[in-house]
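Reader: Could you take me through this model, beginning with the sheet and then turning to the rings and helices?

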Amino acid sequence: MRRGHRTTSSGSSGGHIAQRLTDVEIEQRTGAEYGERTPDRSNSRNGYRDRLWETRAGSIDLRIPKLRKGAYFPGFLEPHRTVERALVAVIQEAYIQGVSTRSVDELVKAMGMTGISKSQVSRLFGDIDERVNAFLTRPIEGDWPYVWIDATYVKVRQAGRIVSVAVILAVGVNTDRVREILGLAVGPSEAEPFWTDFLRGLTRRGLRGVKLVISDAHLGLRGAAAKVFKATWQRCRVHFVRNALAYAGKGQRQIVLALINNAFAQETAESAHQQWRAVAEQFSAKFPKLARFLEDAESDVLAFIDFPKAHRKQLASTNPLERVNAELSGEPTS
């Protein structure tokens, strides 16, 4: 921030908000608004003292009222500095959304502060990196029987170029029915070594008790999950059905969908597998590629049926991750 420059509270967004907070506190302390005559008044103002409020985002001139009885000091200037943290959060959010350092400086000025240097922006953004790193390296405690894993591609800037990178995400549910993001990693592709390193990192942090891994058919993930977790793999049935319908004629897709969903709806594993094989057999002559696709995927797409009925709806697909993936890729969410 440039020394020797101050922003007065009047006419600036940040200063106006801070001054208004001060006024509200004084009204509560005195029992009346400025200039108001009321029997509820318990104190009155006695002038002002000026104070320069130094924040990490700039300097703000404040007029702090004095009272005839007792002392007053704004609550937001106490050690917790709630307002300052809010201002910093705005700047950090701008950075996360891809706003340039120059634009961040303009944003700070628009909020009524003196501007912010590149080094100060870097320091603020370093706070984000520290918190994210602490979250992603925290110990994982307890048993997590169900783990959903998915990948999405996002555009990032590397060495002055915009490139596409894979972002993989793991979400788990533990035996206390608590769902948490377990881990996140960024890499150049979805090759098996990348998946294996990611999953081993989760186990080093304490992930255990995994019984079922739910994901789409990402290259290398199935092998990595079997190698690291020794767990059953459930192929996301939502994405599977979309792929299966591509093998059927347009006029037959509703019939194919209804028959596949009938297999998913069976009460027992035995009846589900019987229905699945019947569907594959039914289409073997007219849609042989569809029949083979169903046969090859049977054990993977019906893995969820061996788990408690109350859990099956959530275990059959990666839908629990869709909102998080949409936020990572910048897509709108409802």
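Predicted model: local features only at pLDDT ≥ 70, side-chain atom pairs only at ≥ 80, totals over all residues.

Reader: In what order do the five strands of the open sheet stand?

Author: The order is β6-β5-β4-β7-β8, with mixed pairing. Strands are DSSP runs of E with at least two residues, helices are runs of H or I with at least four, and both are numbered from the N terminus. Two strands pair if DSSP finds at least two bridges between them.

Reader: And which strands stand at the edges?

Author: β6 (179-187) and β8 (232-235) do; each has a single partner strand, so one side of each is left without a neighbour in the sheet. Direction ignored, neighbouring strands are turned by 25 degrees against each other on average.

Reader: How many bridges join β4 to β5?

Author: There are 13 bridges between β4 (residues 146-158) and β5 (residues 161-173), and the two strands run antiparallel. D150 has L169 in β5 as its bridge partner. Two residues lie between the strands of this hairpin, where A159 takes a positive phi near 50 degrees.

Reader: What about the other pairings of these two strands?

Author: β4 pairs with β7 (residues 212-215) in the parallel sense over three bridges, and V147 stands opposite V213 in β7. β5 pairs with β6 in the antiparallel sense over eight bridges, with G172 opposite E180 in β6.

Reader: Next, Y153. Which residues does it touch?

Author: Y153 is placed in strand β4. Leaving aside residues up to four places away in sequence, Y153 touches S164, V165, A166, S189 and E190, where contact means heavy atoms within 4.5 Å. Y153 and E190 are 37 residues apart in sequence and 10.0 Å apart in space, C-alpha to C-alpha.

Reader: Why does Y153 count as partly exposed?

Author: Its relative accessibility is 38%, so Y153 counts as partly exposed. Buried means under 20% relative accessible area, exposed means over 50%, and partly exposed lies in between (1.4 Å probe, protein chains only).

Reader: On to aromatics: how many pairs are there?

Author: The count comes to seven aromatic pairs. Rings of Phe, Tyr and Trp (its six-membered ring) pair if their centres lie within 6.5 Å; planes under 30 degrees apart count as stacked, over 60 as edge-to-face and the rest as tilted. The rings of Y146 and F307 have centres 5.8 Å apart and planes at 75 degrees, so they form an edge-to-face pair. This pair links distant parts of the chain, 161 residues apart: Y146 in β4 and F307 in the loop between α10 (288-301) and α11 (312-315).

Reader: Are Y146 and F307 buried or exposed?

Author: Both Y146 and F307 are buried. F283 and F287 form a tilted pair, 6.0 Å centre to centre with 40 degrees between the planes, and these two residues are buried as well.

Reader: Finally, how do α7 and α10 pack?

Author: Helix α7 (residues 237-245) and α10 pack at an angle of about 170 degrees, with axes 11 Å apart. That makes α7 roughly antiparallel to α10. Angles under 35 degrees count as roughly parallel, over 145 as roughly antiparallel, 65 to 115 as roughly perpendicular and the rest as oblique. Axes are lines fitted to C-alpha atoms, for helices over the stretch in contact, and angles run from 0 to 180 degrees between N-to-C directions.

Conventions. Residues numbered from 1 in each chain as written. Heavy atoms only, no water.
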